[in-house]
Each structure stands twice: as structure tokens, then as C-alpha cells.
Amino acid sequence: MPELPEVETIRSRLAPGLVGRRFERVEISDPRLTRPVPPEAVADALTGEQVADVRRRGKYLVVVFESGRHLLVHLRMTGNVLHPAPEGREDDPHVRAVVRLDDGSDVVYRDVRRFGTWDLLEPGELDEYFAARRLGVEPLARAFTAASLGRALAGRRAPVKAALLDQRAAAGIGNIYADEALWYARVHPLTPAGDLDEEQVSALREGVRKALKLGIRRQGATLRDYRGVDGSRGRMQEEFRVYGRAGEPCDRCGTPIAKTRIAGRGTWFCPTCQAPD
Ligand SMILES: [Zn+2]
């Protein structure tokens, strides 16, 4: 599932080809993408819109239009945005939407498992949309401090791994980067979030930022479905310290990496470096 680094990689590659362009023709073939709004209604509304910017908030790709509207794209499990359109897309059963730009190129939205969403917001609706989803601060922004993270975790009994996944403490962290961040911070993933001391909170903030920045530098992690805008694979999977590495030696101490389940998600950690307090 694409997390902050994967979505940021898509954003940075997509923006140069999109900003300033007009949506000339929009075809949305999957009603699940836009429900409860009919896909034809969203396609009609998008036609003629001119792109002012392409941003990211958490795991959302945010297309900003000159009109003040926003298109929020969430890739969920297997969504991909491709531009320019790859060869053979006419025969690809997983293409859910195609946007023809005024330079004649096509942006293709592809989604194998069909959990991705497109939400078109009217001017002024953006802040409310994110507030309703209780989206926390951007972990790579200045506002993400040890103090802000400490406040977000204070009093919470949930395991810190679960607290990182629920987007309130910081937006954009998913299963991969949560595990990597906790390894960097030497914090056991089952530690109750509110039990972290000041030093651990500070280490966790650093760990989150380190894991996410590395993910962006490696253009995301490709395990199965994630691809860059040009169809290329990310390389973050080559940098994993714990994720998916059960039984392999810890890069720091040599102890075999262990696996457990937290909040229903596979969780990897080093039982020595991340020993519980
Ligand atoms: Zn270790």
C-alpha cells in the first residue's frame, strides 16, 4: 500500500507534466472510484479544469485547480497514476480512469483491487475534509516536533505501532515506515504509546523522518503493485531494516528479526535493539 514516500514520489514526477494543463476529456469507468457520486458527474465537473498545482497531504495526492476546486486521489492498496500513458493500456482491464490533457497526453489511473478513491471538492472544502478524517501533521514539516508527537501519543494505551498507523500523530505513515521508524528509534512496537519517555519520543520523531526521507530518496518501495508515474519500480525495499525480514540478522546487532501482529498488521522488529523497557 503506497505510503507517504510513494505518494510523494508520484507527486513530484506528476507535477511537471500536469501543472498549467487543462483536463480536456475525462473518462471514469469504475463507479467505485467516485461513489457515492456517479462517475459521469465527476468526469463532467473535471472537464475543462486547469491544474494550478499538485500537492500531497498524508497519503492523499491533491490536484489543485485554478477554479479553487481540489481533486483528492487516494491510492489505497493498488492504485497507480501513470503519465504519459503506457503502451497497451487499451487492453489493460485494470485502467479505471483516463484524463486527456490539452497537450494531447493521457494520464491513466490504474487500480487492480479497486479500493482507491477520487473525491472532487468544491472551493473551501479542503480543510474540513481533512479535519473530518483527523489527519495529523505532516511528519516532514517543521510542525512535527518531539513535543507535538509527545502530545499526540500522551495518555494513549494503544501500542505505539498502532498509534503511528492511525494518522492522528502524523499523516502518511503506513505499515512499512512505522516498522522502520520504530527500529531506528529502538522502540518496541507493542509499547503503549503513552508510556514512551521524552527520549524515546524524540528518537521516534527522528526515526519517522529518517525512514520517510530514505523512502523518498529511493523513490518508494515496490513490493507488488506500486510503480512510479513512468512505470518504474521503487528501491526502498533494498533498504529495509526490519520490514518483511523475519529470521534475517538485525543490521545493528545480528539478532534474528522477529515478526508479530499488531492492529491486524504484520509487524517486524529486533527483539534485542527494541527490547521492551
Ligand atoms: Zn538489533
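Burial is expressed here through relative accessible area, with residues called buried under 20%, exposed over 50% and partly exposed in between, using a 1.4 Å probe and protein chains only. The structure is a predicted model, in which local features need pLDDT of at least 70 and side-chain atom pairs count only at pLDDT 80 or more, whereas totals for chains, interfaces and linings use all residues. Residues are numbered from 1 along each chain as its sequence is written, and side-chain values use heavy atoms, with hydrogens and water left out.

By this criterion Glu49 is buried, because its relative accessible area is 8%. Glu49 is placed in the loop between α3 (39-46) and β2 (51-57), where helices (H or I, at least four residues) and strands (E, at least two) are DSSP runs numbered from the N terminus. Contact is taken as heavy atoms within 4.5 Å, and, not counting residues up to four places away in sequence, Glu49 touches Arg21, Arg22, Phe23, Phe65, Ser67 and Arg69. Glu138 lies 89 residues from Glu49 in sequence and 28 Å from it in space, C-alpha to C-alpha.

Charged pairs were examined next. Side chains of opposite charge can pair when their charged atoms come close. With a salt bridge defined as a side-chain nitrogen of Lys or Arg within 4 Å of a carboxyl oxygen of Asp or Glu, the structure holds 26 salt bridges. In one of these, the side chains of Arg11 and Glu8 meet at 3.0 Å, N to O; both residues lie in helix α1, three residues apart, about one turn of the helix, and both are buried. Asp53 forms a salt bridge with Arg55, with 2.9 Å between the closest N and O atoms; Asp53 is partly exposed because its relative accessible area is 26%, and Arg55 is likewise partly exposed, with a relative accessible area of 43%. A further salt bridge joins Arg245 to Asp251, the closest N and O atoms being 3.4 Å apart, and here Arg245 counts as buried at 11% relative accessibility, whereas Asp251 is partly exposed at 44%. Through shared partners, salt bridges also join Glu8, Arg11, Arg56, Arg57 and Glu138 into one network.

Empty space within the model was then considered. Rolling a probe the size of a water molecule over the atoms shows where empty space is left. On a 1 Å grid over the protein atoms alone, a cavity is a set of points where a 1.4 Å probe fits but cannot get out, a pocket is an open set with protein on both sides within 12 Å along at least five of seven lines, and lining residues have an atom within 4 Å of a point. Grid points are joined across faces, edges and corners, and a volume is the space filled by probe spheres set on the points. A search of the whole structure finds one cavity of 30 Å³ or more, and the volume of the largest cavity is about 140 Å³.

The largest pocket has a volume of about 450 Å³. Its lining comprises 21 residues, of which Met1, Met77, Leu223, Arg224 and Tyr243 lie nearest the centre of the pocket, and it divides into 10 nonpolar, four polar and seven charged residues.

Helix α7 (residues 175-185) is largely enclosed by the rest of the structure, because 11 of its 11 residues are buried. The cover over these buried residues includes α1, α6 (160-165), α8 (198-217) and β10 (265-269). Just after α7, Arg186 takes a positive phi of about 60 degrees. Within helix α8 is found Gln200, which counts as buried at 12% relative accessibility and which, not counting residues up to four places away in sequence, touches Val187, Asp195 and Asp277.

Regarding cysteines, a disulfide is a pair of cysteine sulfur atoms within 2.5 Å, and a search of the whole structure finds zero disulfides. Cys253 counts as partly exposed at 35% relative accessibility, whereas Cys273 is buried, with a relative accessible area of 12%.

Key:
Ala, Val, Leu, Ile, Met, Phe, Trp, Tyr, Cys and Pro count as nonpolar, Asp, Glu, Lys and Arg as charged, and the others, Gly among them, as polar.
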